[in-house]
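Subject: Structure handover

Hello,

Here is the structure for your files. My notes on it follow below.

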Amino acid sequence: MAWFEVHPENYFGGGANLAALEAVRADYPLSLHGVGLGLGSAAPLDAGHLARFRALIDRLAPAAVSEHLAWNRSDDECLNDLLPLPYSQAALDFMVERVGRAQDALGRRLLIENLSSYVGFRDDRIPEGEFIAELARRSGCAVLLDLNNLYVNQHNLGRDARAAIAALPREAVGEIHLAGFEEREDGLWLDTHGSPVREAVWDLLDAALARFGPLPVLLERDSNLPPLAELMSEAARAQAALDRLEPAA
């Protein structure tokens with residue numbers, strides 16, 4: 001393994017978890033991938049969460065820090081999920097402001113990950129790739145590009161995954177995620193991280209690397225864990241895709 005990625009919220013409490021993570025950090029680069037800020041929430045950003053996140057960043061000096069293009073809370077309730085926003089001008093303006101505030105509080109440029117979605121919104125007006133590209137341009141954030149999410153959205157919502165890749169500036173993308181999904185009997189696909197990466201998503205990886213060049217690629221698997229050899233085979237396939245890239249002139 002070349003590097004590791006963890007959810008920072010699992011280490012806010014310190015103790016043995018944090019000690020184990022520091023032991024990993026002593027030998028490998030680390031990426032902190034947040035899931036709890038709810039940047040797109042109408043409620044104010046959680047100052048305590050930001051402070052704990054910042055303290056972890058200062059302590060671990062990670063190579064990358066990321067969050068999601070999502071909302072998760074109201075004034076009085078926090079939902080344990082990553083919920084999508086409409087791709088509207090109002091949502092874009094709101095996210096630009098929120099990402100800017102978070103970056104100021106964390107003292108780092110964030111990578112923002114595109115989300116899988118299972119509903120379209122009446123206010124969707126901006127294509128997915130253009131929305132993310134404009135968010136990066138205006139806020140100064142980078143993009144964590146989840147190719148499985150693009151593919152799931154293509155099936156569920158009729159979006160175009162390759163058009164989204166083509167819309168993103170080459171310099172904006174800083175990391176790629178790969179995962180598998182579940183096909184429900186009603187035809188909906190769910191981003192579960194519980195199955196092997198599909199061939200179409202591997203094809204998207206080749207397309208993305210051809211456009212953006214070599215990038216850190218993370219294989220996500222949260223459930224239905226197979227034997228380690230199967231995971232290592234998928235990791236080797238991702239590395240092979242990177243190795244096929246032409247060396248820079």
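To begin with the cysteines, the count of disulfides is zero, a disulfide being a pair of cysteine sulfur atoms within 2.5 Å. Cys78 is partly exposed, at 48% relative accessibility, whereas Cys141 is buried, at 2%. Here buried means under 20% relative accessible area, exposed over 50%, and partly exposed in between (1.4 Å probe, protein chains only).

Please keep in mind that this is a predicted model, in which local features need pLDDT of at least 70, side-chain atom pairs count only at pLDDT 80 or more, and totals for chains, interfaces and linings use all residues. Residues are numbered from 1 along each chain as its sequence is written, and side-chain values use heavy atoms, with hydrogens and water left out.

Salt bridges

Side chains of opposite charge can pair when their charged atoms come close. The structure holds 13 salt bridges, each being a side-chain nitrogen of Lys or Arg within 4 Å of a carboxyl oxygen of Asp or Glu.

One of them joins the side chains of Asp46 and Arg73, at 3.5 Å from N to O. Helices (H or I, at least four residues) and strands (E, at least two) are DSSP runs, numbered from the N terminus. Asp46 is partly exposed, at 27% relative accessibility, while Arg73 is buried, at 13%.

Asp93 and Arg138 form another salt bridge, with their closest N and O atoms 2.9 Å apart. This pair links distant parts of the chain, with Asp93 in helix α3 (residues 89-106) and Arg138 in helix α4 (residues 128-139), 45 residues apart. Asp93 is partly exposed, with a relative accessible area of 35%, and Arg138 is partly exposed, with a relative accessible area of 35%.

Helix α4 also holds Glu128, whose side chain meets that of Arg159 in a salt bridge of 3.7 Å, N to O. Arg159 sits in the loop between α5 (147-157) and α6 (161-167), and the two residues are 31 residues apart. Glu128 is buried, at 6% relative accessibility, and Arg159 is buried, with a relative accessible area of 18%. Elsewhere, salt bridges that share partners join Glu97, Arg98 and Arg101 into one network.

Nonpolar residues

In soluble globular proteins, nonpolar side chains tend to be buried together. The largest nonpolar core here has 63 residues; such a core is a set of buried Ala, Val, Leu, Ile, Met, Phe, Trp, Tyr and Cys residues joined through side-chain atoms within 4.5 Å. Among the residues with the most contacts inside this core are Leu69, Leu135 and Ile176. Leaving aside neighbours within four places in sequence, Ile176 is in contact (heavy atoms within 4.5 Å) with residues including Leu144, Leu205, Pro216 and Leu218.

On the surface, Met1, Phe4, Tyr28, Leu228 and Met232 form a nonpolar patch with about 500 Å² of accessible area together. Patches are made of residues with over 30% relative accessible area and no salt bridge, with like charges joined within 9 Å and nonpolar side chains (Val, Leu, Ile, Met, Phe, Trp, Tyr) within 5 Å. Accessible areas come from the Shrake-Rupley method with a 1.4 Å probe; for residues, only the protein chains shown count as cover. Met232 is found in helix α8 (residues 228-243) and is partly exposed, at 41%.

Loops and backbone

Most residues other than glycine have a negative phi. His193 has a positive phi of about 60° and is not a glycine; His193 is in the loop between β10 and α7 (199-212) and is buried, at 11%. Asn224 has a positive phi near 50°. Asn224 lies in the loop between β11 (217-219) and α8 and is exposed, at 59%.

The loop between β9 (182-183) and β10 (189-190) contains Asp186, which is exposed, at 54% relative accessibility. Gly187 is also in the loop between β9 and β10 and is partly exposed, at 37%. Not counting residues up to four places away in sequence, Gly187 touches His155 and Asn156.

Regards
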